Amino acid sequence: MTSPRTFSRYQLLELIGDGGMAEVWRATATGPHGVRKEVALKLVRGEGGADGLFARMLVEEARLAVRLGGPHVVQVLELCEEGGRYGLAMELVRGRDLGKVVERCAREGVPFGLGRALAVAAGVGKGLAHAHRLAVDGRPVGLVHRDVSPHNVLVSFDGDVKLADFGIARAANVAGLTEPGTVKGKLAYMAPEQARAGPIDGRADLFALGVILWELLAGQRLFARDTEAATLAAVLGDPIPAPSGWNAAVPPAVDALVLGLLERDPERRTASADEAVAALAAALLGIQRTAAEVDLRAFMHRLFPEGDEAPIPREATLVRPVEPEPSRTRTAPAGVAGRRRVLAAAGIAAAGLLAAWLGRTRPPPALSPAPAAA
């Protein structure tokens, strides 16, 4: 880095995320006639330098990531390098990651809502469908995200849902790198075949989407446990109850949709992201009563009236965001302290369990508690 405030052609304005593998800066590049472009610049920590395995894999994956576009994927604009360190210039998303959204819901006692949970999952599904269809010279490349988890799902203040960080997960995995403190969090969203380090395809991403949707609906962590070994065991073998066991507002059709995504055998799992998106759209049509139930823009402004002015804490915890049917369930809101500004693909290790947000009209199925800290 030539100076403390620049990297390559970018001026660094503000640090908005800092993890074990990368820093994320709000940055600008100035073009001809003073035209300025604001971006999120992810500066990857330089393990092994420009010739290291991670760097080589990152370059290879970035070649694919820059081809991705669409409204539900955070656009990678370019890969830049300086002094043996790499950076990814990305679209700047003004909003919060999903972990912070549901945390604020719990803190303020605001229900996330069944409709909004399905809408967020549909947005993630559309991003996955776009990526899984990516072809180069007419040939499908089989792009897999590998890290579909709440900190990589961004919800903008305009109500858009975008999936971030294509290109880094595989490079880090091949190079044997992990962000400190995030292994349990990643394991908790991994498909069984990925957790076993076996061959994977896009259906592994769909399993992770199913975990996210299950947790949004049920208001509990599904697989996260106190240790990595226990989390892995849960992913590989613990029973997967229907989310309606924790939230009676979830209809049978949505139960079936979620459990289809969570089939441990990839051959029995939902076959494609396009199929998942179609099922989510049908589910939304079946439960939506008013436009407000899926209005993420108004919801985000209600949750974050301070907009981009929120301070950045050092920790975060994923909590539940369930909205009950008033006639069928009883609510008992609980709060969790902490908030963090997330303008772009800033990584957090979202873990932990909040005791049930909802009262229930019937006992839930047995589920191991998961009070793991991030």
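In this predicted model, the crossing of α2 and α11 is left-handed, a label that applies when the near helix is turned anticlockwise from the far one by less than a right angle. The axes of the two helices, α2 and α11, come within 10 Å and cross at roughly 60 degrees, where axes are lines fitted to C-alpha atoms over the stretch in contact and angles run from 0 to 180 degrees between N-to-C directions. The helices α2 and α11 are therefore oblique to each other, since angles under 35 degrees count as roughly parallel, over 145 as roughly antiparallel, 65 to 115 as roughly perpendicular and the rest as oblique.

On the α2 side V101, R104 and C105 meet F299, M300 and L303 of α11, contact being heavy atoms within 4.5 Å. By class, this contact of α2 with α11 has five nonpolar, no polar and one charged residues.

Helix α2 itself spans residues 98-108, and nine of its eleven residues are buried, that is, under 20% relative accessible area with a 1.4 Å probe and protein chains only. Among the buried residues are L98, G99, K100 and E103, and the elements covering the buried part of α2 include β7 (95-97), α3 (114-132), β10 (153-156) and α7 (202-218), as well as α11 (296-303).

After α2 comes G109, whose phi is positive, near 70 degrees.

Residues are numbered from 1 along each chain as its sequence is written. Because the model is predicted, local features need pLDDT of at least 70 and side-chain atom pairs count only at pLDDT 80 or more, while totals for chains, interfaces and linings use all residues, and side-chain values use heavy atoms, with hydrogens and water left out.

Key: Buried < 20%, exposed > 50% of the residue type's maximum accessible area, 1.4 Å probe, protein only. Helix = DSSP H or I, 4+ residues; strand = E, 2+ residues; numbered from the N terminus. Nonpolar A, V, L, I, M, F, W, Y, C, P; charged D, E, K, R; others polar.
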